[in-house]
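Colleague: I would like to go through this chain with you. Could you take my questions in turn?

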Amino acid sequence: MGLGKIQQGLIRAAFPENIAAGNIRAAMIGIIVIPTFLLVWQISKRIYTRIKRTFGGINAKKGCYVLKWSLKYDKLITRITWRKVMDLKAMFPNLNTMWVRWSAYEIMDYHDIRYLMPSPGAEAFHYNCAEQSEMLVADALELGRQITENAANVDRTCVAFTAHHGLLGLGEGKDAGPFSSDGMPPCYGAVNKKDYGEELKRFQTELQTLYRHFVSTRDGTEAFDTISAITGSLNYKLTSGQMPQLVWEADSLLSVLRLAYATLITTSSAPLKVCKNCGKVYYNPHAKSEFCGTKCRNYYNVKAFRARS
């Protein structure tokens, strides 16, 4: 049934003969409900038309824009505001961020230096590390927090992080240890190969530095000159042919991590948050979010209720 037939059917119910016949219910539908329904219908059409006109379709890429609308009940006025959200794909449309992670990792010793590297028999998986860059940043900051606070099982958490995201791609290490006849240190291997590994201490230092920068942006407890600036670089190439394209390339997961962190930490909505109950760093774009999950929210509310009692 089209909109015209729906309108005709609803308007028939509002004819004055309903009032004359004493059908008060039909009269109330005609006088109050029907105009409200038609108004909301028209508003919904306009919202849909504006989204389609802006994005070229209702299923626009997530993260480029956020649509906010509110309805004032007294005047039935719909407000539509648009807020730009930092997004790697929006900033760099041709960003090549394919990375390799292995199905399992382990910590091994080489000349008394501990390395984080793929386990024997592990399988390689290629994935786009910019697809869920928010989760990458949140996981890295949370791991950096646990390293800073000397939490239990930090080594195991580092292994779990790499199994989910991969190694950082630090490349050659300065203090990798001496070369020997049985080969060279894992950090000198080709990045993303199975024999490549990263020094655990340096891996943890990179994430700890990122977390310290995050803490300095929240409460300023550390002096400005003690916090290192977050820097990074992106390579690019210009394809040949009649329609050349500018393609941005990230040479490491650390470069993507730093760039994604920079876009999130400079966003006015402050989507990187610290749980009010457990202190976990998490990502949530909602401004009123205070807890990393329902469990922490319930636990905090119960604790607060008992304290008041």
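This is a predicted model: local features need pLDDT of at least 70, side-chain atom pairs count only at pLDDT 80 or more; totals for chains, interfaces and linings use all residues.

Colleague: What percentage of the residues count as buried?

Modeller: Of the 309 residues, 34% are buried, where buried means under 20% relative accessible area, exposed over 50% and partly exposed in between (1.4 Å probe, protein chains only).

Colleague: Which residues in the largest nonpolar core touch the most other members?

Modeller: They are Val 137, Leu 141, Cys 158, Leu 168, Phe 203, Leu 207 and Leu 257, in a core of 39 residues. Such a core is a set of buried Ala, Val, Leu, Ile, Met, Phe, Trp, Tyr and Cys residues joined through side-chain atoms within 4.5 Å.

Colleague: And which elements give two or more residues to it?

Modeller: Strand S4 (98–102) does, as do helices H5 (133–148), H6 (154–165), H7 (200–218) and H8 (253–265).

Colleague: What is Cys 158 in contact with, leaving aside its neighbours within four places in sequence?

Modeller: Cys 158 is in contact (heavy atoms within 4.5 Å) with Leu 116, Leu 143, Ile 147, Leu 200, Phe 203 and Gln 204.

Colleague: Turning to the helices, are H5 and H8 roughly parallel or roughly perpendicular?

Modeller: Their axes come within 9 Å and cross at roughly 95 degrees, so H5 and H8 are roughly perpendicular to each other. Axes are lines fitted to C-alpha atoms, for helices over the stretch in contact, and angles run from 0 to 180 degrees between N-to-C directions. Angles under 35 degrees count as roughly parallel, over 145 as roughly antiparallel, 65 to 115 as roughly perpendicular and the rest as oblique.

Colleague: How do the residues of that contact divide?

Modeller: The contact of H5 with H8 has 10 nonpolar, 1 polar and 1 charged. Ala, Val, Leu, Ile, Met, Phe, Trp, Tyr, Cys and Pro count as nonpolar, Asp, Glu, Lys and Arg as charged, and the others, Gly among them, as polar.

Colleague: How do the axes of H7 and H8 cross?

Modeller: The axes of H7 and H8 come within 12 Å and cross at roughly 5 degrees, which makes the two helices roughly parallel. The residues of this contact divide into 7 nonpolar, 2 polar and 2 charged.

Colleague: On another topic, where is His 111?

Modeller: His 111 is in the loop between strand S5 (105–110) and strand S6 (113–118). Its phi is near 55 degrees, a positive value in a residue other than glycine, and His 111 is partly exposed at 38% relative accessible area.

Colleague: What is phi for Ala 270?

Modeller: Phi of Ala 270 is near 50 degrees, also positive in a residue other than glycine. Ala 270 lies in the loop between H8 and strand S11 (272–274).

Colleague: Lastly, is Glu 123 buried or exposed?

Modeller: Glu 123 counts as exposed, at 52% relative accessibility. Its C-alpha atom is separated by 5.3 Å from that of Ser 103, 20 residues apart along the chain.

Technical notes: Residues are numbered from 1 along each chain as its sequence is written. Side-chain values use heavy atoms; hydrogens and water are left out. Helices (H or I, at least four residues) and strands (E, at least two) are DSSP runs, numbered from the N terminus.
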